[in-house]
Amino acid sequence: MTHVLDPDALSRESRPVPAPLEPFADVTRSDAAFRAFLHGLPGVDQVGAEARAKVLGTRSIKTTAKAWAIDTAISMVDLTTLEGSDTPGKVRSLAAKARRPDPADLTCPSVAAVCVYGDLAGIAKDALAGTGINVAAVATAFPSGRASRAVKLADVRDAVANGADEIDMVIDRGAFLAGRYLDVFEEIVAVKEVCTRREGGSAHLKVILETGELVTLDNVRRASWLAMLAGGDFIKTSTGKVSPAATLPVCLVMLEAVRDFRAATGRQVGVKPAGGIRTTKDAVKHLVLINETAGADWLSPDWFRFGASSLLNDLLLQRQKLRTGHYSGPDHVSVD
Amino acid sequence: MSTDRLPVRKTYKLYLGGAFPRSESGRTYEVHDTKGHFLANAARASRKDARDAVVAARGAFWKWSGATAYNRGQVLYRVAEVMEGRAAQFAEEVAAGEGLSATRARAAVDAAIDRWVWYAGWTDKLAAVLGSSNPVAGPYFGFSTPEPTGVVAVLAPQRSSLLGLVSVLGPVLAGGNTAVVVTSKDRPLPAVTLGEVLATSDVPGGVVNLLTGDAAEIGPWLAEHADVDGIDLAGTTAGGLAMELERSAAGTVKRVLRAAAEEPDWTADPGLTRMTPFLETKSVWHPIGV
């Protein structure tokens, strides 16, 4: 119902705003309302977040718990190659590694997904047929996201048509930082729509916030909520092309966001830190952070992923160390 | 100036990857002179320090082994120059640690510096002495050249704290290997000072890593480590621990320089015997007349 005194009336009529989630049904009715909602989220105590992440990082995880953590982390890896120089051969060899990360040890779990550029998704899909390993494709003018919406949506359609099971989209950070939150929201909604496959089902949507460009943890919290309200299945820290990428305090804030979002709406959203996680120790710190922040429900590849390439080799070296009792070396894992 | 000044008690750290970190374990131990007087605290390296040192040594390997032999010689000679400048400090530490007179300690330091220069000179002569142009019965050239083995773990002699150390470290470096050294447990101070010398000369970080502590504790981890290519057991004596380490080293087919029955006299002419175990012979065949 339009009322002349309703300040939101015009914007509501001009924009086809999708149906938002129940308790937040009205927050996206206008730019002003959405801004008011996002800025009304509780502020993040940056010093406190850093201290909390640091304390949790000191937990000592040993023996059987460490073995479990390593296997869990391996099963959560999105094995990634996002280089201009990627070739079909490189994608195939990465897919082979994803199936069987440690060919000398059949008890080693396979990874969760292989993450490539959209044009190579088809090759990854063929190479992973029948393995249950997903193909994730980055889209929407990754990594900068600087293209018109039509181009971004075409990019996504193309990746989905090539067989991508998961789409890693970037948000429009320029619009976000300029305060045009509803633009960012609508774009995610539009991308989510084209993730739907003609034959039924839908590609999983991961929304990359690129936290290194969002400057503050308050912005990270706002962007997390924005992405979740828009229907993202995962929120992901970074593209890996910007430094700083995934840091523990950022991940802490995002885990709090998914926890609070589930409490408010009943819908669970996954988290994927990407970029800069290179050692087993880093990965274990993240697992501790999940357990202590969002809870054990997120300790599964369905709800938590590591976007990484070199991390997997370090996990394998540590796994070999636990299995054999002596230190292994880089000659004992593949060079990607 | 007051005469009852409190001396600053030193707590030394490890030399690892070109930096001076504390032991990951946080442990230290007291170092005493031969009469039992306190000299300083030294870091007591753990297996994880050894692991980190191997990573540092592997990281530095391509740069060091890829440098020209001439350049390696220059860099090692520069180390001798810096050692010469700190000879008095070395002599004091050797005298206290080994219980030598000032004159004999100074002689040991001089011998150590001379030994270092000697190995620096060998870098660009190894290929000429150990390599060959092979006589082959066919239309080929056949060349053999010595190449470094890789990352070498060195258990440094327990008694001769500087001359012994230089006598086992020099040959490893001259051939182009990088080293993870476990120093003498009871007499680590000259090694600590050598670390400071290396850090202020031109040796790239990670080429030499010095771990103060107990070879019996760290040695087995290095002997089993799959990314260590050779091990020098000079810091042990034959039998017991040395036997165990040789057995572990066989698991990854390391080059092993075996321990002597007792610590040798390091003043003797070393020859090439400590260099050749950590050199691999690469042969290249090249067709001619095509």
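This report walks through the overall build of chain A, a hairpin in chain B, and some backbone features worth a look. Please keep in mind that the structure is a predicted model.

**Chain A as a whole**

Let's start with the fold. Chain A holds 13 helices and eight strands. Its C-alpha trace extends about 75 × 45 × 30 Å along the principal axes. A compact globule of 336 residues would have a radius of gyration near 20 Å, and chain A, at 20 Å, therefore agrees with that expectation.

Of the 336 residues in chain A, 54% are buried. When contacts between residues at least 6 apart in sequence are considered, 75% of them link residues at least 24 apart. The accessible surface of chain A amounts to about 14,100 Å², and carbon and sulfur atoms supply 54% of that area.

**A hairpin in chain B**

Strand β1(B), residues 28-32, and strand β2(B), residues 38-43, run antiparallel and are joined by five bridges. Within this pairing, B:Val31 sits opposite B:Ala40 of β2(B). Five residues lie between the two strands of the hairpin, where B:Gly36 adopts a positive phi near 95 degrees.

**Backbone features in the loops of chain A**

Most residues other than glycine have a negative phi, and most peptide bonds are trans.

| Residue(s) | Feature | Value |
|---|---|---|
| A:Phe142 and A:Pro143 | cis peptide bond | omega about -5 degrees |
| A:Ser243 and A:Pro244 | cis peptide bond | omega about 0 degrees |
| A:Ala141 | positive phi, not a glycine | phi about 55 degrees |
| A:Glu210 | positive phi, not a glycine | phi about 50 degrees |

Where do these features fall along the chain? The loop between β3 (134-139) and α7 (149-161) of chain A contains A:Pro143, and A:Ala141 is found in the loop between β3 and α7 as well.

A:Pro244 belongs to the loop between β6 (234-236) and α11 (248-265) of chain A. A:Glu210, in turn, is placed in the loop between β5 (204-208) and α10 (217-229).

Is A:Glu210 buried or exposed? With a relative accessible area of 0%, A:Glu210 counts as buried, because the cut-off for that label is under 20%.

How values were computed: Residues numbered from 1 in each chain as written. Chains lettered and ligands numbered in written order. Predicted model: local features only at pLDDT ≥ 70, side-chain atom pairs only at ≥ 80, totals over all residues. Heavy atoms only, no water. Helix = DSSP H or I, 4+ residues; strand = E, 2+ residues; numbered from the N terminus. Rg over C-alpha atoms; globule rule 2.2 N^0.38 Å. Buried < 20%, exposed > 50% of the residue type's maximum accessible area, 1.4 Å probe, protein only. Contact = heavy atoms within 4.5 Å. Areas by Shrake-Rupley, 256 points an atom, 1.4 Å probe, with all protein chains shown as cover. Pairing = 2+ DSSP bridges.
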